[in-house]
Amino acid sequence: MKGLYSALLTPFDKNGNIDERGLRELVRYNIDVMKMDGLYVGGSTGENFMISTDMKKEVFRIVIDEAKDDIKLIAQVGSINLYESVELGKYVTDLGYKCLSAVTPFYYKFNFAEIKNYYETIVRETGNKMVIYSIPFLTGVNMNVAQFGELLANPNIIGIKFTAGDFYLLERVRKAFPDKLIFAGFDEMLLPALSLGVDGAIGSTYNVTGKIAREIVDLVAAKDLEGAFKKQNLLNDIIEALLNNGLYQTIKTMLETQGVHAGECRLPMLPLSEEKKAIAVELAKKYL
Ligand code: NGF
């Protein structure tokens, strides 16, 4: 499951319904144009925590139907409703997804025993593999090396999507679990994460910056750190502009200029103003 993954966006129409044509186009764009190794389906970028269980199933079904065996797929089924996670985990496993991921349960202050039981329940009930999705700045859930170790002791829990800026922890985790998969979750820190030996990266911006990210991966592999740093500078110019303008909405507007019907974001996320749309179009002209 190593490699570079786009965290897949979900195209919605103006009424918040999934745009199947747009979703299929986006899958193909990531395969054919961005040349990604994989897609991370149903994550934060997919606006997953704002949609119903049935809509999540619809996304999973459409994506695997379009992608077939052309790209690796990870299905994010995490939810603070563990029963929903198990239902989705079984659903995607039956569809043919070979790997799951689940965000650490958030909002309530779940203790570690509850978090451990959550992951073990999903892998036991589905029989599938699991990548832990750790994103403390959004969930408030911080785990230490020993706690990651307790989870990773389960052979079906195969890795971590590490979306945090704590690179001391990343280095400690990498050293402690050399045989597990670690994915970098912050695109703006791809190069430092690669230098610490991650196995790949999963990110939202790769839907439009995938080619630059690939160059960084290749330059690091060739030990050209100066070249990789220049590319990371370029990537971060784009990421800074995306974050300033409204991340997912701006990526979607950029994709629209490429003929991908990436559509709208779902409420409560608001559409871009005309002024911000124009900025997104300019970004597309400059970088795509
Ligand atoms: O969008 C977020 C929220 N993070 C993504 C990524 O970690 C999320 C990251 O690519 C993801 O993979 C998912 O969809 O679940 C950032 O958007 C990017 O680094 C810009 O900050 O923080």
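I looked up Ile160 first. Ile160 stands opposite Ile182 of strand β7. This is a predicted model. I then checked the strands themselves. β6 covers residues 157–162 and β7 covers residues 181–184. The two pair in the parallel sense, over four bridges.

Next I asked which helix packs on the sheet and touches β5 and β6. I found α6, residues 145–152. The direction of α6 makes about 145 degrees with that of β6. On the sheet I also found α9, in contact with β1 and β8. The direction of α9 makes about 165 degrees with that of β1.

**The barrel**

I followed the strand order. The eight strands form a closed barrel, β1-β2-β3-β4-β5-β6-β7-β8, and the pairing is parallel. On average, neighbouring strands are turned by 25 degrees against each other, direction ignored.

**Helix α9**

I went back to α9, residues 206–221. How far apart are its end C-alpha atoms? I read only 19 Å for the 16 residues. A straight helix would reach 22 Å at 1.5 Å a residue. I looked for a bend and found a kink of about 40 degrees, centred on Ile212.

I checked burial along α9. Ile212 is buried. I then looked at what covers the buried residues of α9. The cover includes β1 (3–7) and β8 (200–203) from the strands. Helices in the cover include α1 (20–33), α8 (190–195), α10 (225–245) and α11 (247–256). Just after α9, I noted that Lys223 takes a positive phi of about 60 degrees.

**Thr253**

I moved on to α11, where Thr253 is placed. Is Thr253 buried or exposed? Thr253 counts as buried because its relative accessibility is 15%, and the cut-off for buried is under 20%. I listed its contacts, leaving out residues up to four places away in sequence. Thr253 touches Leu272, Lys277, Ala280 and Val281.

**Cysteines**

Cys99 is buried, at a relative accessible area of 0%. Cys265 has 12% relative accessibility, so Cys265 counts as buried too.

Notes. Residues numbered from 1 in each chain as written. Predicted model: local features only at pLDDT ≥ 70, side-chain atom pairs only at ≥ 80, totals over all residues. Heavy atoms only, no water. Expected span 1.5 Å × (residues − 1). Bend = angle between axes of the 7 residues up to and from the residue. Buried < 20%, exposed > 50% of the residue type's maximum accessible area, 1.4 Å probe, protein only. Contact = heavy atoms within 4.5 Å. Pairing = 2+ DSSP bridges. Axes fitted to C-alpha atoms, helices over the stretch in contact; angles between N-to-C directions.
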